[in-house]
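I set out below what I looked up in this structure, entry by entry.

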Amino acid sequence: MLETFVITRGNADATATVQRGGGALFTGAGTQPWIINCLFLGNSALGFGGGAYVEDAAPNFVNCAFVGNTSFSNGGGVYSIRGATVFT
């Protein structure tokens with residue numbers, strides 16, 4: 001569980017394609033993290049998910065805000081593929 005924090009100015013800009021997603025947070029296969037009362041502010045990614053990248057995972061975002069995040073592909077705030085991402 002991650003609770004009550006701010007992630008700002010994270011940058012996923014690696015040269016390997018698999019490392020270009022999730023400027024602030026990357027959740028991988030089979031994970032089920034709880035992210036509570038958090039702010040993702042001004043993060044970026046060369047690939048997908050400037051704020052967060054979710055693949056084959058089931059994260060729960062509770063009372064979180066994604067503000068001013070960008071990506072050069074899809075999902076400026078959050079990119080989720082083959083997962084069960086929950087926002088409450």
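Entry 1. I note that the model is a predicted one.

Phe40 has a relative accessibility of 0% and counts as buried. Cys38, at 3% relative accessibility, is buried as well. For Ala52 I listed the contacts, leaving out residues up to four places away in sequence: Ala52 touches Gly22, Leu25, Phe61, Phe66, Gly77, Val78 and Tyr79.

**Entry 2. Fold and overall dimensions.** Which elements make up the chain? I counted 11 strands and zero helices. Read from the N terminus, the order is therefore β-β-β-β-β-β-β-β-β-β-β.

I next looked up the radius of gyration, which is 11 Å. The globule rule gives 12 Å for 88 residues, so the chain is as compact as a globular protein of that length. The C-alpha trace spans about 30 × 25 × 15 Å along its principal axes.

Of the 88 residues, 33% count as buried. The accessible surface of the chain comes to about 4,700 Å², and carbon and sulfur atoms hold 55% of that surface. I also looked at how far apart in sequence the contacting residues lie. Among contacts between residues at least 6 apart, 79% join residues at least 24 apart.

**Entry 3. Cysteines.** How many disulfides does the structure hold? My search of the whole structure returned zero. I followed this up at Cys38, where the closest cysteine sulfur is that of Cys64, at 4.5 Å. A disulfide requires the two sulfur atoms to be within 2.5 Å, so the distance between Cys38 and Cys64 is too far for a bond. Cys64 is accordingly in no disulfide.

**Entry 4. Aromatic pairs.** I found nine aromatic pairs in the structure. I looked up two of them in detail.

In the pair of Phe5 and Phe40, the ring centres are 6.1 Å apart and the planes stand at 75 degrees, so I recorded the pair as edge-to-face. Phe5 belongs to strand β1 (residues 2-8) and Phe40 to strand β4 (residues 34-41). The pair therefore ties together parts that are 35 residues apart in sequence.

In the pair of Phe66 and Phe87, the centres are 6.3 Å apart and the planes are at 80 degrees, which means that this pair is edge-to-face. Phe66 lies in strand β8 (residues 65-67) and Phe87 in strand β11 (residues 86-87), so the pair ties together parts 21 residues apart in sequence.

**Entry 5. Asn60.** Asn60 is buried, with a relative accessible area of 15%. Beyond its neighbours within four places in sequence, Asn60 is in contact with Pro33, Trp34, Ile35 and Val86.

Terms used:
Residues are numbered from 1 along each chain as its sequence is written. This is a predicted model: local features need pLDDT of at least 70, side-chain atom pairs count only at pLDDT 80 or more; totals for chains, interfaces and linings use all residues. Side-chain values use heavy atoms; hydrogens and water are left out. Buried means under 20% relative accessible area, exposed over 50%, partly exposed in between (1.4 Å probe, protein chains only). Helices (H or I, at least four residues) and strands (E, at least two) are DSSP runs, numbered from the N terminus. The radius of gyration is taken over C-alpha atoms; the globule rule is 2.2 Å times the number of residues to the power 0.38. Contact means heavy atoms within 4.5 Å. Accessible areas come from the Shrake-Rupley method with a 1.4 Å probe; for residues, only the protein chains shown count as cover. Rings of Phe, Tyr and Trp (its six-membered ring) pair if their centres lie within 6.5 Å; planes under 30 degrees apart count as stacked, over 60 as edge-to-face and the rest as tilted.
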